Structures are given as C-alpha cells and as structure tokens.
Amino acid sequence: MSYVLFNDQITKREHVNIDMEDRGYNFGDGIYEVIPIYEGNTFAMEEHLQRFLESASKLEIKLPYDKTVLEQQLNELKIKNKVINGIIYIQMTRGVSPRAHLYERNVEGLITGFCREMAFPTEQKLAGVSVLLTEDIRWLRCDIKSINLLGNIMAKRKATDNDCHEAIMHRNGILTEGSSSNLFIVKGKQLQTHPPTNLILNGITRQIVIKLAKENGFTVNEEAFSMQQLLEADEAFITSTTQEITPITKIIGDINATFPVGTITKELQHAFKAFIDKETK
Ligand SMILES: Cc1ncc(COP(=O)(O)O)c(C=O)c1O
C-alpha cells in the first residue's frame, strides 16, 4: 500500500496528514466505495462511482472535484501500486470544520483512497459459509454507503465470536441483508431478495446477479421475506464485491437451518465469473 490518494494527489502514505477535526474522525460523517480489480482491470467502476455520487448527494457532501478526475486518479492509483487482483478503497468525509453537530454546506469533502492486493475467497465460494442470524440494529438509511458502520461491525464481531463468517440481519423477523453483503434465497427457479429500499445497501454485485439471473431464465422477486421463508428455501447465498457469490450452508442464531451448496447458486457463480472475464478482458 505504498501510494495512496489524498484529495487530488497520489502520494506516499506517510505524507498524508489529516486534521483531528475532520468530520469523518469526529462523527463518522463520510462515505466510501470498494471497487474490485481483476487481472489488472477494474470491474464495475462506473456503477461504484455512480453510487458514491448518490451517497454524497443524499448526505449533501460536496465532491472537491468531478467524477472524471476521480476515475483517472483511481486508475492511476491502481497502476502505481501495481495491483493485479485486489481492491480500490475510496472514502470521502465531509471535510474539516470546528467540531459541531451542525454541518455547513460550503465545506469541501476530503478524499482518501488506497489500493491493495486481495485474494478473492475461492474456498468459501466452493464450500459455503456459516452465518449468524441476528437483529438489525442499524439506522434507517442503510441505502447510503456511510463509513459510519457501527451496527454492521457489531454484528460482524458477534458472528465471528460464534464461529460464523457473516451476520445476516432481520427487522422483526423480516430479513434485510448481511453486515457487509446482500442476501438471496432460492426456491424452485425463483430468487428472492430484499427490495432496494432505505433498509439495505443496493449492492452492485446484487444488481449484477439479478441481471444475470434473469438472463439465465430465473425469476427474481425483489420482495422482503420472513425467517419462515428463509427456513423453507432450497438454497441461500450472500453477495458482495469482495465475497462475490458465496453460498450459505448453515444458519445459527435466531433460527437454525442448513442448506446445500445449490445448483442454482453454482450456475450463478459461473455466470458471474464469465461476466467478469468479459468485462475485464
Ligand atoms: C451492508 C452492505 N450490504 C451490501 C453490500 C454489498 O455491496 P456490493 O455488492 O456493492 O459490494 C455491502 C458491501 O460492502 C455492505 O456493506
């Protein structure tokens, strides 16, 4: 991680100097994105940057420069760090101002970013993972990719403490999503996942999986589902940029269930891999 993005400059990490009254530091007042890199090429950069702009606009955080410059800088960051398979992380806080709850609208956002190698989880994609089902304690604007992730990180800790890979969450028995992933169930030839409302992050992987599923002859029902429906599902999986499509084989916590690594999940994994190969060649 030798070169990083600091505002509009690519610089060495040791040259980054952030004020202690940055609102990201004081309030978790900021947004982020994670963009994957496959074989030296970014994947779905446009979609990620679009969501970044949408998060910024929902929180009235002012971009210090435009999207084309940002895209150029992120590509430059990738090249300078010589990353072949990995991720770009980019974050923008509301910037620096004397600590006060009230934010001013004239302050420019502060951008930082890094790029590093990351192994995509081959073993988990084949064998599946255990998840902990727990209450969703987050705020009501989960559609914003905010750096303020307390509800998510508490859930992740709880999952790990229970030997689970991920926490999946529910509000009063209605499933929402994972602590860092979206959730799908499969019943017959139909996929079901929570609609993209304020209660979930509309994952880029989620959107791609929905598109690929439809192209491959499955129906996709974007309607919230209950714990009972989860129990009755044939297959279940989570999706995210870093976990791609990962089968769920066991659920513990508020319900207990087991699932096979299902044939439809596997078919979607193949379609997803083929799509990445096509888009990044
Ligand atoms: C809460 C939450 N939901 C869903 C996702 C999946 O989003 P994406 O597919 O864009 O990585 C993430 C990714 O970090 C997340 O944090």
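Strand β1 is joined to strand β6 (residues 110-117) by two bridges, and these two strands run antiparallel; strands here are DSSP runs of E with at least two residues, helices are runs of H or I with at least four residues, both are numbered from the N terminus, and two strands are taken to pair if DSSP finds at least two bridges between them. The structure is a predicted model, in which local features need pLDDT of at least 70 and side-chain atom pairs count only at pLDDT 80 or more, while totals for chains, interfaces and linings use all residues. Residues are numbered from 1 along each chain as its sequence is written.

Strand β5 (residues 86-93) is paired with β6 over eight bridges, in the antiparallel sense. Strand β1 (residues 3-6) is in turn paired with strand β2 (residues 9-12) through four bridges, again antiparallel, and here L5 stands opposite I10. The two strands β1 and β2 form a hairpin with two residues between them, and N7 in the turn has a positive phi of about 55 degrees. Taken together, six strands form an open sheet with antiparallel pairing, in the order β2-β1-β6-β5-β3-β4. Its edge strands are β2 and β4 (41-42), each of which pairs on one side only.

The protein chain is divided into domain 1 (3-117) and domain 2 (122-280), with bounds that come from an automatic or database domain assignment. The C-alpha centres of the two domains lie 26 Å apart. Contact, defined as C-beta atoms, placed from the backbone, lying within 7 Å, links 21 residues of domain 1 with 11 residues of domain 2. On the side of domain 1 that touches domain 2, at least two residues each are supplied by β3 (30-38), α2 (45-59) and β5, and β3 gives the most, with seven residues.

Around the ligand there are 13 residues, of which L201, G203, I204, T205 and T241 come nearest; a residue is near if its C-beta atom, placed from the backbone, lies within 6 Å. The elements that give two or more residues to this shell are α6 (204-215) and β13 (235-240), and α6 gives the most, with three residues. By class, the shell has two nonpolar, nine polar and two charged residues, where Ala, Val, Leu, Ile, Met, Phe, Trp, Tyr, Cys and Pro count as nonpolar, Asp, Glu, Lys and Arg as charged, and the others, Gly among them, as polar.

How values were computed: Contact = placed C-beta atoms within 7 Å.
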